[in-house]
Amino acid sequence: MEKTLFIQTVGLTKKFGDVVAVDNVDMDVFKGEIRGLIGENGSGKSTISSMISGIHSITSGKILLDGKEFRPSGALDARNHKISMIVQEMGTIDNLTVAENIFLGEEGKFGKAGFVNRVKMNAEAAKALAAIGLQRIKPDDNINAYSFEDRKLVEIARAVYYDPELFIVDETTTALSQDGRELIHSLMREMRDAGKAVLFISHDLPELMETCDALTVLRDGKLIATIERKDFDEDKIKQTMVGRVIEGNYYRSDYDYSCSDEVRLEVKDVEAGMLKGVNITVHAGEIVGIGGLSGGGMHDVGKVMFGMLKLKKGEVTAYAPARYTFKERMQKSLSALTKKPFDAEKPIVPYNIRSIKNALRANIGYISKDRDKETLILQASIKDNLTLSALDELSVCGIITPRAEKKFAKEQVDGLRIKCSSMRQPVKELSGGNKQKVSFGKWIGKDSKILVFDSPTRGVDVGVKTTMYQLLYRLKQEGYAIVIISEELPELIGMSDRMLIVKDGEIKKEFTRSPQLKESDIIGYMI
Amino acid sequence: MKKRIIGIMLIVALVVSLAVTVAACNNTQKTKIGVMLYNFTDIQGTEIKSYCEYLEDNFDVEFVYEAVGSNDEAHISGLQNLLSQGCNAVISGYDTALSRSIAMCEEAGAYYAVLLGEVSKYEYLEENGYQPTLVEGMDSKYFLGGVTQFGGNPETVGVAYAQAAYNAGLKKIGAISFPEFTFKDGKTIYDTFKAELAKLDPTAEVYELQTFMYTQELCEAEVTKLLTNHPDVEAVLGLGSGLDYIYPALQNNNRSDVKLLALGYNNTVESLLSGSLLTAGTNNYTQCVASVFVRIWDAMNGKSFADQGEDDINGVAGYPIITSQAELEDFKTYIIPADKSNGSITAEELKNAMVTYNENATWAGLNELTGRTLEEIKEARAA
Amino acid sequence: MKTEKEKRVMVPAEAPVEETSETPKKRKISGADVWQFAKSQKNSLIRYGAFVLVLIVFAITTGGKLFSTYNLKTIVSQVTPLLIMSAGLIFVFAHGGMDISVGAVVGLCSLLSVYVLNDTGSVFLVLLTCIAVAVACYVINGGSSILFKIMSTISSLAIMFAARGIVTYNVSRTDETIRFTNSSLVKMFSDNYGFMVASCVIIVLICKVLFDYTKLGKQAKAIGDNPLGAAQSGANVNLIKMLCYIVAGVCVGIASVFAIARVGSVSENMGSGREMDVLIALILGGMSLSGGTKSKLSAAVIGSITYVLLSNGLSISGVPTNYISLVKGILFLVIVLLTLRQSKNIRELPR
């Protein structure tokens, strides 16, 4: 078969701050093929497709479209060049109708003297939905009335409506039922047969092998290999995917998974968010890793532990020292004033975690996956960020002196080696790794003995990663109870004492720390 | 970078313009009188300012102007700013925060007078059994009183407007004014208008008085209410600034067929008078300023009227009414001329009314001078 | 105790990747350093710069009259209520709230002050009433915005209409002006300039401590930047917001006593326009009205004084009334352009 080159990337590179997400990738995509992109989380699949579809800017290198250089200014620009992408996350906007979502940004087409002709728009939307066999979805309904899956299908209808030359599907199928998957597969085949190109990103290797004409394997932002359909071999592909060389003592080197018997955090039969009947126990001095696919509910585990999700069933209990009484607080203030030591040994008591407030009382520290939006105050200084969660500990008779703050912050800045020009520097100016160090410092300084870290090394460069792994190991030895939620399997294998794989809101498998544990053993339980 | 340059340029422009303005107004040792009004841009403000400038030409006096907001604090701030400039007297348009204003002037040794409206030395409070109680500060020698509007006789306006309505053969008339507590004369005019019209034409009907608080939206609401309740209304007695508020509200309701009997004056009168406008009228601002200025000038020269009673603290200003093009012409010639020496009161007449220049001058004489009607002014100018 | 401290600092034992470049070597101070410093302190420089500029320009243009004893008193009496209000309301703005009811609340407090003083003759009761009423207004204001999750602008708009309505109704009920029958009772608040300055200093100091050295202020500012982040760091967002409103209420209450004492009588417009004065003062002081950790109490102090100096200075330097608004407008624009510019460098994050 004669193949015509459609999209070509030359030395395509993307950096997020200091972190290289896509490293010098030369990839050729041809017309009339379905190209699969596969690789671990963070291997750069989504970033490449995001650059092609104009969501991310290009750091260096170029994209050639039909031989001409193409530098999309945004998603709309890409769409005008007949490139449509369906993203992993929710791509529809709440509180608009289905039709409005389909023609978002294109309302002008139905405009008449500044007004949108709704009848015409709805009719056109109905056509778009019918084109992919979705007659049951009504164009004038509010999008909120539909399930996540239906909303994804609406996105697909939108993408197909614009009759793209390049159709990018980014891990969409994980959210879809069998019917939905089949629908999207047949769509992709139709497009291929019409001489168009499809980029298909998925974790589901069998699905990829069934649908794609060629597979490109990425690892650590680099293009490792492109495999033709005739050479497809599941084991070989898996090997190519995880063929990582682990350098030096990147992770902890011991395989001792023993820990104290003292339970610090207990999740009992919890039903909340995507979770269905989840049981987890975390002990003092234990690192529990939670793995899975990002749509499978692993992140909800962290949220439940920090009291952020409403529990439909079950309960979350933390075991932490009892709080100081009012009298003891006064004594503490007094001793701070007189510079005498104050120590009141408090018994460990259970705390029922139903809200963030409860979690903070039990002294649980949590770093969200969306660190920049939820854990840090980007505009605020490093000092303010570090001290914000420890204000109670720092205050003497309700007053927090700048001196105490500075001392506290300096300890963390020095201890964690946070790279900054001064403690007054706004956190938003820091690199990803240093931002994450600030998040760590917030909780460590506050003396939180239970730490829940969601994607702790997301957007963090290798050097800082190493520092963090060592820090986590050190904390474990100090008797902290640590939960790491991560999409990166090597990290979980390398760091955790126990690993729980979450899929479809349930814990599918538990692994104990062992030198024999391999990614390929685990992947099967994830997908 | 661009913004920074713009910023610096603006600062430079500001400094230069300030320096120029200040260099232009050299300080002299003239008597300084401050004038406080809500604005100096409408007909009232420009006329008052224009007469003050005429006074500057004929007396050794300098006027400074301060636009103040309508709230009490802004009034006091404006007064403080004027006193800080070294004013020897302050003329305020309104009786806002009166007691405090007088106290502050007394402290600064400056005279204080109210330009637009009368003031009462006593109040009649329930807790004092409605006995006259002296309002704090009103007996200060630095307080020179106010000015009674409508020539001291708002009834004449009511009678004149009733005559105009009768002449036009109007039968169904609505009335809109400001609330009574802010504009007491409005009610008086309405009452006399109604009574007089009943005498002239018993079949004519005057609807109840509606009021609103000083905003275009509230006025519009009242006008709409009137038009809804009485769709066949033929005219509106517009006491609450007929031209500024009620005329636009009628226009917005597409009722240009409704005639308007308006209090107030602005430059649209000329064109409207041939249409739906039957009457217009306004304070004689020259007379207001003259009445107050005479008192200030005499007080500063240590003179006072022998015949002025202790509690007789309000001067008088007339209220010329326009009902025809001819009257409008006279109004323009004698009430609001560009050259004030042809206007209501000349500097000569003014000096003649002051004890400082004329030992025989009397309080009654001053009130007669400042209360002259359009006819009387016309005669005086012709003489 | 010592071991406790050590535990808190987690030094990674042997970090293989050395981050040496971070320690800047000591250098001689060069011109570039000074420029860098000036750049980093740009906002403070501009804020104080604007203030000093206004001061110098007017000192010259008024021929020194700006500093005459009488005018200094004038400035003090004009600054006092505005400063106290701004110092309180900065708590509301810092946490991302918005208030436009302050003028009407001042009006309501003033009205009740007159009634209370005329009936009881007790200044203390007047002060108490004002604080109670203002706090009540702000509790309703903040409470309804938190409870029903409506924008604080809207809830404060409701309070504004209600309070202004009560004032207008009461003023319209009588022909007589509502005024202090014996204003000498509140002389302390109207003529005692030392007392005014002292009150300002004390209130600003208290607010400074609350704003910068307590949990309340620190969490309020964090909420202004990122409510979600603040909540996950332990801030009880609703409680903190409520407390901010209460602080604002107390300050507005105290400020109303100064305001009413200064004018002695209440008209239906009493206090109106104050909401704008406060906004402008805070902006002139370099405050970003969206709040956040960059908020500084000095914005209220510098801003209030600059604002009063602007009106007072322009007026007594003899700038014609017709130009005063224009000049004010230009100055305002300049300061806002220089202080409130947002940086465009928003970094991309991986999805």
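H5(C) passes H6(C) in a right-handed crossing; a crossing is right-handed if the near helix is turned clockwise from the far one by less than a right angle, and left-handed if anticlockwise. Helices here are DSSP runs (H or I, at least four residues), strands are runs of E of at least two, and both are numbered from the N terminus. Before the details, the housekeeping: this is a predicted model, where local features need pLDDT of at least 70 and side-chain atom pairs count only at pLDDT 80 or more, while totals for chains, interfaces and linings use all residues. Residues are numbered from 1 along each chain as its sequence is written, and chains are lettered from A and ligands numbered from 1 in the order in which they are written.

Back to the pair. Two packed helices are described by the angle between their axes and the distance between the axes. H5 of chain C covers residues 102-120 and H6 of chain C covers residues 123-147; they pack at about 150°, with axes 9 Å apart. The axes are lines fitted to C-alpha atoms, for helices over the stretch in contact, and the angle runs from 0 to 180 degrees between N-to-C directions. H5(C) and H6(C) are therefore roughly antiparallel. The cut-offs are under 35 degrees for roughly parallel, over 145 for roughly antiparallel, 65 to 115 for roughly perpendicular, and oblique for the rest. On the H5(C) side the meeting residues include Leu108(C), Cys109(C) and Leu112(C), and on the H6(C) side they include Thr129(C), Cys130(C) and Val133(C). Contact means that the C-beta atoms of two residues, placed from the backbone, lie within 7 Å.

A second pair in chain C is H4 (residues 69-94) with H12 (residues 237-263), at an angle of about 170° and with axes 7 Å apart. H4(C) and H12(C) are therefore roughly antiparallel as well, but their crossing is left-handed.

Phe189(C) sits in helix H8 of chain C. Phe189(C) is buried, with 25 other C-beta atoms within 10 Å. A residue counts as buried at 20 or more other C-beta atoms within 10 Å of its own, exposed at 12 or fewer, and partly exposed in between, with C-beta atoms placed from the backbone. From Phe189(C) to Val250(C) is 61 residues in sequence and 16 Å in space, C-alpha to C-alpha.

Ser183(C) is in the loop between strand S1 (178-179) and helix H8 (187-190) of chain C. Is Ser183(C) buried or exposed? Ser183(C) is buried, with 23 other C-beta atoms within 10 Å. Setting aside residues up to four places away in sequence, Ser183(C) touches Ser99(B), Glu136(B) and Gly264(C). Ser183(C) and Val263(C) are 80 residues apart in sequence, yet 9.8 Å apart in space, C-alpha to C-alpha.

That brings in chain B. The contact between the two takes 42 residues from chain C and 40 residues from chain B. On the chain C side, H3 (42-61), H4, H7 (152-172), H12, H14 (298-316) and H15 (321-339) each supply at least two residues. H15(C) gives the most, with eight residues. Two pairs of chains touch, and the most contacts are between chains A and C. Chains A and B do not touch, and their nearest C-alpha atoms are 21 Å apart.

Chain C has 15 helices and two strands, and of its 351 residues, 51% count as buried. Among chain C contacts between residues at least 6 apart in sequence, 79% join residues at least 24 apart. Chain B has 14 helices and 14 strands. Of the 383 residues of chain B, 47% count as buried, and the corresponding share of contacts joining residues at least 24 apart, among those at least 6 apart, is 69%. The C-alpha trace of chain B spans about 70 × 65 × 55 Å along its principal axes.
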